[in-house]
Amino acid sequence: MIQQNKKYQPRLSTLMNLCDVNYMFLVRLLASQNNEEAIGDERCFFISDFLSYKITILEITRYTSLVSICQELPKTKPLVTEEDNNNKTVFDHILRPKMIIRLYHDARMAEVISNQDIKQVQPRYDYPNSKMHLPDEKEQINQFLKEWLQLCLKLGQVNLSLFE
């Protein structure tokens, strides 16, 4: 008897639920006092002295918005020697996750469209593949975004200016 490998089938209901929840969290995090967002607006959330996140609005259209979320480096002086300075940019890229998210306002969904080295996240990848993406990479990335956003909502602190 020959065993056939079944191809991974994305669970559309799970992915859509994640996108719904991520939209709700992002709208809460992007809320402003005047309810008007502009391209280039940023929201910074400080979790601890060593962990902060920045959300930047990249594009606004009638039905969609494009935002990026990235982990920021700590403001303290890094423990990097001169010899390690060449490797610093490689480690910064690995240790600082960054995502590009498209918000669909009419559908009230937020979907990760780019993550780290993946320029366009596919719904399914054959496994094994040359870049070793998981078969359910899109679902995993959207789940990671959900956890990031929950962390920002639960523990994030924002620097506010009292006088404007």
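Visitor: Which residues make the nonpolar surface patch of about 310 Å²?
Guide: Tyr127, Met132 and Leu134 make that patch. Patches take residues with over 30% relative accessible area and no salt bridge, joining nonpolar side chains (Val, Leu, Ile, Met, Phe, Trp, Tyr) within 5 Å and like charges within 9 Å. A salt bridge is a side-chain nitrogen of Lys or Arg within 4 Å of a carboxyl oxygen of Asp or Glu. Areas come from the Shrake-Rupley method with a 1.4 Å probe, and for residues only the protein chains shown count as cover.

Visitor: Before I go on, what sort of model is this?
Guide: This is a predicted model, where local features need pLDDT of at least 70 and side-chain atom pairs count only at pLDDT 80 or more, while totals for chains, interfaces and linings use all residues. Residues are numbered from 1 along each chain as its sequence is written, and side-chain values use heavy atoms, leaving out hydrogens and water.

Visitor: Where does Leu134 sit?
Guide: Leu134 is in the loop between strand E5 (109–115) and helix H3 (137–155). Helices (H or I, at least four residues) and strands (E, at least two) are DSSP runs, numbered from the N terminus.

Visitor: And why is Leu134 called partly exposed?
Guide: Because its relative accessible area is 37%; buried means under 20%, exposed over 50%, and partly exposed in between (1.4 Å probe, protein chains only).

Visitor: Switching topic, what is the order of the elements in the chain?
Guide: From the N terminus they run α-β-β-β-α-β-β-α, giving 3 helices and 5 strands.

Visitor: Now the inside: how many residues are in the largest nonpolar core?
Guide: That core has 26 residues, and Leu26, Ile55 and Leu145 are among those with the most contacts inside it. Helix H1 (12–30) supplies the largest share, 6 residues. A core here is a set of buried Ala, Val, Leu, Ile, Met, Phe, Trp, Tyr and Cys residues joined through side-chain atoms within 4.5 Å.

Visitor: What does Ile55 touch?
Guide: Setting aside neighbours within four places in sequence, its contacts include Leu26, Phe45, Val67 and Ile69. Contact means heavy atoms within 4.5 Å.

Visitor: Which residues form the aromatic cluster?
Guide: Tyr53, Phe144 and Trp148 do. Rings of Phe, Tyr and Trp (its six-membered ring) pair if their centres lie within 6.5 Å; planes under 30 degrees apart are stacked, over 60 edge-to-face, and the rest tilted.

Visitor: Phe144 and Trp148: buried or exposed, or in between?
Guide: Phe144 is partly exposed at 34% relative accessible area, whereas Trp148 is buried at 4%.
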